[in-house]
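Please study the sequence and the structure before reading on.

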Amino acid sequence: MSYILGRIGQAVIVLAIAFTAAFVLLQALPGDALLIKFESPESGLSPDQIALLRDSLGANIPIWQQFFDTLGGFLVGDFGYSVQSGTPVSVIIASALPNTLVLATSAFVVAIVLAVALAVLAQLSWLPWLRTMLRSLPSLFISVPVFWLGIVLIQVFSFRLGWLPVINPGPIEGLIMPVAALALPIAAPMAQVLIRSIDDVLTQPFIAVVRSKGASEWWILSRNVARNAVLPALTIAGLLLGELISGAVITETVFGRAGIGRATEQAVTNQDAPVLQAIVVISAAIFVLVNLLVDLLYPLLDPRLKTIATVNA
Amino acid sequence: MSDTTRTSEPSTRRSSVRRAGRARPILLVAAAVYLALMVAWAVLPGLFAHGDPIVGVATDGLQAPSAAHWFGTDATGRDMYTRVVFGSVHTLVTALIAVLFGLVFGTGIGLVAGSVRGVVDAVLMRLVDVLLAVPSLLLSLSIIIVLGFGTTQVAIAVGITSVAAFARLARAEVMRVRAMDYVEAAFASGGSFVSVLLRHVLPNSLTPVIALAALQFGTAILSIAALGFLGYGAPPPTPEWGLMIAEGRNYIATSWWLTTIPGVVVVLTVLAANRISTAISERNRA
Amino acid sequence: MIQKQLAGWNASAPVVEVDGLSIAYSGRTGDTAVLHDVSFSLGRGDTLTLVGESGSGKTTTAQALIGLLAANGRITHGSIRLGGLDVTEWSSKQWLRLRGSHIGLVPQDPHNSLNPVRRIGDSLAEVMNLHRFGNAPATRRRVIELLERVQISEPELRVKQYPHELSGGMKQRVLIASAIAMRPALIIADEPTSALDVTVQKTILDLLDELRAESGTSVLLVTHDLAVAADRATHVIVLKDGRVQEQGPSAAVLWHPQAQYTRALLADAPALSAAVRTSDDVRAQLALSQHAEPVVVVNDLVQVFSRGRTLPGLRAVDSVSFEVRRGMTHALVGESGSGKSTIARAVMGFQKPTSGGILVDGVDMTSVSGQQLRQARRRLQMVYQNPFGSLDPRQSVQQILVEPMSNYRIGSARERQQRMLAALDRVSLPATMAAKRPHEMSGGQRQRVAIARALVLEPTVLVLDEAVSALDVTVQASILELLSEVQRELGTAYLFISHDLAVVRQVAQTMTVLSHGVAVESGITEDVFASPQHPYTVTLLDAIPGRRAQSRAL
């Protein structure tokens, strides 16, 4: 129990620091974005009008009070207003998030399927050259930039082969290439870790014992290796979530899809700090939550950890 | 007298698989030669490409690869090979700064956390968790918003994203080495905390960190290209690889070489860096 | 419930017939032959022991008999027949029906030989599921029956537990249960007890003996320990560098050895050798040093480890007292968890004891720290069990040996160099070793370097923490010889920590027996051996392998 509470406590601390860092970096440090936006001569506003604007947007409140106001807002889902358009950030995020979630979730599922399939094939294929080839595939895809992979896919499948349209595709058709471009570079490190941990488990003495009982390679892999090898892979899958979000941003740009990626791009270009801050904090929160779940799942998969967790309690 | 220790005999079918991975020095040599070529491009671009990377010959626009233009030309008639060669210095230097940043700060944090332990360790590791929690691209973009656009800014922004990896590895390594008998033996033979740390712990934990540095060099190149592609890196007309791919997107239907070739150069560079990283960690294990 | 016989298996043929077997491993530099022309046969209900040191080919032979040679290993010559079937050329698919059903394997290291994420009952049922033993209730009944047979208490509870909740001995019993589940004709036991405590070792070997006797199963026992072979085998094969040195009925091989190597092995095996000194010798030696202060005085030592808030602290060391006199050896003997290594660490000043006193050469180790501790360690050195871990892999032998001197600023660079060479000479290593790094040396050579490093400061006390336990028996003998020579010439006192009573009898004049942190018996070694007072000591002494064979021979 105290293991669980400890992990939750850690997660809360990490989130609090992340929020503070994002606040300091994006809101406190750059002075205020309002000045950049309205003080330039092109805005055509008089100093009085600017002062009025600053007042109405709350820019004159002391920084620590702003901090707690922002924090309070974040806790109830109020992320403030976009400096650029004046729309509530929560509206921008709410309209962008579903698209990105669909893309990221499908890519994650595809990546897991690809990684597991590759790891199993690399283990069971009896031809040495095929084994070598399958084992070197992940290191190749780890080295491929997501955006370039997207472009190459468009080039081959849209322009050369004409199989998938880039302009106004259907909802499913439009998802195939972005998912592929996002999933492949995520699947690669997953497969690498999976292959390595399967190799490691196979060198364990208990596998030799199972083999001595007359078990086939498939029996060994499915009934004895799998559950042991999945533990490190699970950790990596959690950590790759960050890569998934980064990749989603880039993929959306390449394929011109609406979503968090495009919102981020616009926020950066316009130096729209509140939007970016919200995106950063929400991403961090998702990351922390998922990895917390992974950590809490671990004792269920590995009985050794369950004992440690209760002994420490 | 056979002076050997009692251990298990040569074995397990898996060790042969491992050996197979190691038994391909050709790839390692190829990776080293390729990286050497990249460095040569960066140091003496004029020696390898005679054209102008910035100003093109307008009449030569959008030519496919040929003997005269190995990598083809872009819309304004600039030779793509020349641009790739001149672009290497930008990517390599930025990646190098980024890795050094991560290496110095990350390893420093890990070393302190792993050797001092206690509260300091807990605090430093929570900070590292934060760096890990924010997706690398968003972290880089936040830094760029604060620091502004430009090469050094990109280098720092990318470097910060690798601090967490260096810190975690360095801490784990320091803790692993500190538990070794030879470290205790060094204390037993009169070593002080600092001398044992410098003479035994640091050198023995360093090799995996160096291997990670090579790996992160590849990752940094990918991140720099991505930032360049999104338009937050070097401004046009700099021949930055990611930016070149972005510029080539407009001609994707007609001129495949504008996007494909710079991309291949990026992939090969990252592959080479990864191969060298693997070689370092394998040598350490052997 | 009746085991299906494999077509062609002949129950009346010898269980194993190996004829002219040669095996090679292929590597990058070509083939390396590891087994040369080995022939033997094993009849029903017999125990055959393969004895040899590391690299002798004994494990390779066992692996070949169950069709589990490493992927790069290959039979280059000869044949293997099991139950009359020629299995030399069998494919991995053919082997599947034989393994587990006709041959059972008891592995070396029980701690890592059970799937950590599966329940004991599931691991045990696995072999029956593989060979279609019966339906689920029948299998479950057999699992319980097997656990009872290998004398595991509360079998109904154990089936639901995971391996980490069982002790090493219990795990090995589970593994034996799994090996005998299908009533195989042959059990291969590869060093089945080398990872276990000596008292557990005895019960496990006794169990294997019983099972063999009651079911007529043949046992192939692989061991490095000649004494184990002497106790258990009907036939013994002595292997060295992949060649048979000697083979025959165990009595003949062990009491009338023909081969030079077998004689050397017998001479070096501590368990099979007689006492080296009498208790009167020791009494005289003790009387001589009566007036001098002992160099190590441990008084009422207590070490409590905290186990979190809810559990009471673990008393790893509970009121232990002993002395070590100049030029003599005192042994701390005990099994794992006895607290012997904790005492060593406290004596070295690596750990502050909870209470009690430790005087080393007049310095109170419980109160010093910082500079004083550093100065105290100059007269107090340690040699570790594992010579692979105790030397910095990045240092050359020269650097390793010079470092202690530069730590204490002893001598000029030239003098250090000379002392370094002298230290190498003292441990019988050539001066050319100075440039080598640990990975270029054998285990025995490394342990010599570790001893040289400890001696270079000319300490009054040397703590030897299982310093010979990881070594082959012939290497062990040479290191023990070196240690006694050093003691004779330099008068160094040894605190000798070991689980191996036979070795202790050879090196230590006095000893303390530890059990769960408590010193149960203490005294002159020969006295303890001759008339043990505490029941635990009696158990320990009974468990020394080779005793049975010796009493048989008398």
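How many residues does the contact take from chain A and from chain B? The contact takes 53 residues from chain A and 43 residues from chain B, where contact means heavy atoms within 4.5 Å. This is a predicted model, in which local features need pLDDT of at least 70 and side-chain atom pairs count only at pLDDT 80 or more, while totals for chains, interfaces and linings use all residues. Residues are numbered from 1 along each chain as its sequence is written, chains are lettered from A and ligands numbered from 1 in the order in which they are written, and side-chain values use heavy atoms, with hydrogens and water left out.

The size of an interface is often given as the accessible area lost when the parts come together. Chain A and chain B bury about 4,300 Å² between them, with 73% of it on carbon and sulfur atoms; buried area is the accessible area (1.4 Å probe) that two parts lose on being put together, summed over both. The count of salt bridges between chain A and chain B is 0, a salt bridge being a side-chain nitrogen of Lys or Arg within 4 Å of a carboxyl oxygen of Asp or Glu. Helix H10 of chain A gives the most to the side of chain A that touches chain B, with 10 residues. By class, that side of chain A has 30 nonpolar, 14 polar and 9 charged residues. Here Ala, Val, Leu, Ile, Met, Phe, Trp, Tyr, Cys and Pro count as nonpolar, Asp, Glu, Lys and Arg as charged, and the others, Gly among them, as polar.

Within chain A, H10 (residues 217–255) packs with helix H12 (residues 273–301) at an angle of about 175°, their axes lying 9 Å apart. Helices are DSSP runs (H or I, at least four residues), numbered from the N terminus. Axes are lines fitted to C-alpha atoms over the stretch in contact, and angles run from 0 to 180 degrees between N-to-C directions. H10(A) and H12(A) are therefore roughly antiparallel to each other, a term for angles over 145 degrees.

Chain B is also in contact with chain C, where 51 residues of chain C meet 32 residues of chain B. The area buried between chain C and chain B is about 3,500 Å², and carbon and sulfur atoms give 48% of it. In chain C, C:Arg28, C:Tyr384 and C:Arg394 lose the most area to chain B, together 15% of what that side buries. Between chain C and chain B the count is 2 salt bridges. B:Glu184 forms a salt bridge with C:Arg345, with the closest N and O atoms 2.3 Å apart.

Notes:
Helices (H or I, at least four residues) and strands (E, at least two) are DSSP runs, numbered from the N terminus. Angles under 35 degrees count as roughly parallel, over 145 as roughly antiparallel, 65 to 115 as roughly perpendicular and the rest as oblique.
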